[in-house]
Amino acid sequence: MADVDVTTPHQARMWNHWLGGKDCYPIDREVGDKIMEVYPEIADVARQSRAFLVRVVRYMVGQGVRQFLDIGTGLPAADNTHEVAQREAPDSRIVYVDNDPLVVAHARALLKGAAAGTCAYVEADVREPDEIIERASAVLDFSRPVGLMLLGIVGNVADEDDPQGVVRRLVEALPAGSYVAINDGTNVLDVDEWTPAEATARGEALRLCADAGTVPYHARTPEFISSLFEGLELVEPGVVSTPLWRPDPSSVGEPAIIDSFGGVARK
Ligand SMILES: C[S@@+](CC[C@H](N)C(=O)[O-])C[C@H]1O[C@@H](n2cnc3c(N)ncnc32)[C@H](O)[C@@H]1O
């Protein structure tokens, strides 16, 4: 815990705040609230990302996947990847990866209850894909299908750190029959149109984050998110606004379109 910086807002902790959690510090609540004032949709983006996670893990388990690599885990929330997967298939194995020290501390506590050898937590940076694969190999068997989860994480990789290359190197390590799920915040005002970040509420929110010293987040286009699946077989309905990806039939009414896009593909 000595590494936890309580003077600068951290994305994992503000995300927890937007989800209604308590695992954050006054600085995260203060800046998180300012962001919600200019960009109230951020709370939906966070909630819908978690709902997407649940639908995706259930889908992958239904396809026979029993191993998951969840990079950019975030702080524990209502349904974490191992809970969803092991509810459906108790023999599922999960490796979580994040670079936030508070996420590390919570994950250690959370995973104490998990059966030995089925869950692990790796503190690593997504920009080091080879290190992640090497360390995840202690728990996951990379000769059998793996579900790679990249939810709300690629936006943390700046253009100069080659986000497409990072995803490509992770995907290269997966055997055929594996699945890849990606979603990220975008910046489209009317879904069909990319809008420069300076012109939007999201742009203002990203500026507030930068001014407060948070690691910059890059909201990109739906086309960019689609490009991350290159060489893979996208499953229906392709890359769509996150709530539209195989919505639960039990949901009431039409799912709302939000400024966050994602999809799932098979290798
Ligand atoms: C927007 S949150 C998403 C959390 C979760 N995947 C979800 O969808 O609810 C992004 C997470 O990525 C982590 N993160 C940010 N940059 C990272 C990096 N370079 N390497 C590893 N994790 C990173 C943050 O600490 C945070 O927990």
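**Notes on cavities and aromatic contacts**

1. The second largest cavity is lined by Val-126, Leu-150, Ile-153, Val-154, Val-157, Pro-163, Val-166 and Val-167. Bear in mind that this is a predicted model. By class, that lining is 8 nonpolar residues, with no polar and no charged ones. Helix 7 (residues 163-172) gives the most to it, with 3 residues, and the space inside comes to about 40 Å³.

2. On to the largest cavity, at about 60 Å³. Its lining has 6 nonpolar and 3 polar residues, and again no charged ones. Among the lining residues are Thr-73, Asn-80, Tyr-96 and Leu-110. Helix 5 (residues 101-111) gives the most here, with 3 residues. Searching the whole structure turns up 3 cavities of 30 Å³ or more.

3. Now the rings: there are 4 aromatic pairs in the structure. One of them, Trp-15 with Trp-18, is edge-to-face, at 6.3 Å centre to centre and 75° between the planes. Both sit in helix 1 (residues 11-18), 3 residues apart, or about one turn of the helix. Trp-18 is buried, at 7% relative accessible area.

4. Tyr-59 and Trp-245 have ring centres 5.7 Å apart and planes at 90°, so this pair is edge-to-face too. Tyr-59 is in helix 3 (residues 42-62) and Trp-245 in the loop between strand 7 (240-241) and strand 8 (260-266), so the pair ties together parts 186 residues apart in sequence. Tyr-59 is buried at 16% relative accessible area, and Trp-245 is buried at 0%.

5. Last, a charge over a ring: Arg-220 lies over the face of Phe-224, 4.8 Å from the ring centre.

Conventions:
Residues numbered from 1 in each chain as written. Predicted model: local features only at pLDDT ≥ 70, side-chain atom pairs only at ≥ 80, totals over all residues. Heavy atoms only, no water. 1 Å grid on protein atoms, 1.4 Å probe; cavity = no way out; pocket = protein on both sides within 12 Å on 5 of 7 lines; lining within 4 Å. Points joined across faces, edges and corners; volume = space filled by probe spheres on them. Helix = DSSP H or I, 4+ residues; strand = E, 2+ residues; numbered from the N terminus. Nonpolar A, V, L, I, M, F, W, Y, C, P; charged D, E, K, R; others polar. Phe/Tyr/Trp six-rings, centres within 6.5 Å; stacked < 30°, edge-to-face > 60°. Buried < 20%, exposed > 50% of the residue type's maximum accessible area, 1.4 Å probe, protein only. Lys NZ or Arg CZ within 6 Å of the ring centre and 35° of its normal.
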